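The following note sets out numbered remarks on strand pairing and helix packing. Please read them alongside the structure shown here.

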Amino acid sequence: MTDHVYDRTLAIVGLGPRGLGALEALAADAIDRKFSVKVDIFDATDALGAGPNFHPDESALCLLNIPVRVLDIDPPRIVRDEIAPFAKWSSANYNPDDFPPRCDLGAYLMARFDALCDMTKAFFDTSHFDVKASAVRQDDNGWWVTTSDKQHGPYDEVLLCPGQPATEPDPQLQRWMDHAQKNALNLVSAYPAKSLLSAARDWRDKQVAVRGLGLSTHDVLRILTLGLSGRFEDDSYVRSGNEPRKILPFSRDGLPPAPKPATAEIDALYDPLSKEVTLFETSLAEAVTQPPEQALKTVCDALIMPTARILASLGVPHSLATIERWLAMEREDPGTQDSQETSVILRTTIEMAHNRVPPSVGYVVGQLWRKLQNELRSGVNSAELSCDTATALVGFDEGLKRYSYGPPVSASEQLLILIDDGLVGLQAVDDPDIMLDPDGWRLVEGDAALSAHVMVDAVLPSPDLEHITDPLITRAVKGGLITHVDDGFGAQTLPDGSLVNRNGDANNGLCLLGRLSLGSVIAADSLHDCFGASTHRWAKGFVARGLAARPSQSQNE
């Protein structure tokens, strides 16, 4: 295709799962319209389609937080004869309720990318530049991508899919980094997990603190136990002798995420009815036109009756006023409804996940919210709403993630076993003061003061543009090509992914998809979102702009 005249030229910066989803969506639309594209991919990786989070060489102890039965990311029609859905493709013979390793899914996504390239050669000419893009710019000829060695282009459009770009450490982490460097201490990130495991082999006699109590901490715990040859048997943990002396997780609120329902049958108890989904969609369409406080109340009101119905079906005494109060508190100060100790919350939500005790209002609301994520993304991401309303809805969604983004129940059960074993300590789990001394860190909560010789950071950085250090992003912000939604949030984009510049106008041909646009979009951390409506809206816009620029048939003649 070297002599081919393309309908459009495109540069994609970053090709993890979201970049793959965008390319698949584009291929489907382009082939239907007999629309040819020259695609240049810029990503310094050997795992196109997977990215670092799903790299096939990563530890198999890092698990997805969604079971196979709801992994709804089947390949597009154009490659379906070439590659099967994940559960059939994998040699692991997963059960529907299994939570697969991320590395296995990464190998599948890489195979999907290869299949896509093979099956679309008639319309796509795809090239990979194994380098990091450091800048984008536009001139009269089009868009250009800068790498260390040259300028690439011109392109009709550039799509940024940066995943989690490099970010400056928050003040607490920066202080710890300086302290660790000065005193030759171990301060490591949870990822890549292979590096964590390598370092952990020297921590046998050390106490290890873990900043964070979310999904990443479950990966860290598996690395520090199963990765060091320990094993779980029935309801106990059998030590290998290679583990750290003690593991001390902590977070700002000390709240563990609630596990997902244990089986498909239990999960189905939380399914919304079709009329309840319709009500939620209608309420959301109204909410995106309202000011922040009213928008949140409108959305929450749509959750009251489904929550009441599910509680009643499970024999839980309740009143509508109780549900309304819970939701009102969630809007004002999320998490303050959960006042029990960490271990009690963990035991109780495990029992809820197995349907052995009645669910709480929060557990029901969280499962409903999880099941309405597609409708939530569709309603918010396709609307042009005020920044204040968008950030309010995003903030509410982020707060509910302690229920809606929970781990497999087996992970929560393993954490509880480790607590009962004494390997994991919760004495300073709830927002401890962190004191520095030459030997490490001292975690102080109330009367408890615990020493840690090692610190593991398991907190995902914020997408706040103010703290991004990736050269391409920082230069684009400085040049006015990218503007932020609000403090603490990401880039301002339109529903089709087009970035908004400092003048408030859409950049002609510069787009961004993913969590870096949090605030313009919602629930962007989901794997499903990588292959969802946002990528299809971008693809349709790209093709539409290309078709509009095509010379007419009469001009060709």
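1. Strand 7 (residues 157-160) and strand 18 (residues 506-512) run parallel and are joined by 3 bridges; pairing requires that DSSP find at least two bridges between two strands. Within this pair, L160 lies opposite L512 in strand 18. Strands are DSSP runs of E with at least two residues, helices are runs of H or I with at least four, and both are numbered from the N terminus.

2. The model is predicted: local features need pLDDT of at least 70 and side-chain atom pairs pLDDT 80 or more, while totals for chains, interfaces and linings use all residues. Residues are numbered from 1 along each chain as its sequence is written, and side-chain values use heavy atoms, without hydrogens and water.

3. Strand 7 also pairs with strand 1 (residues 8-13), in the parallel sense, over 4 bridges. Here L10 stands opposite E157 of strand 7.

4. Which residues cover the two faces of strand 7? E157 and L159 on one side, and V158 and L160 on the other, are all buried (under 20% relative accessible area, 1.4 Å probe, protein chains only).

5. The axes of helix 8 (residues 274-287) and helix 13 (residues 373-381) approach within 10 Å and cross at roughly 20°; axes are lines fitted to C-alpha atoms over the stretch in contact, with angles from 0 to 180 degrees between N-to-C directions. The two helices are therefore roughly parallel (angles under 35 degrees).

6. In helix 8, V277, F280, E281 and L284 meet E375, L376, G379 and V380 of helix 13, contact being heavy atoms within 4.5 Å.

Terms used:
Parallel < 35°, antiparallel > 145°, perpendicular 65-115°, else oblique. Buried < 20%, exposed > 50% of the residue type's maximum accessible area, 1.4 Å probe, protein only.
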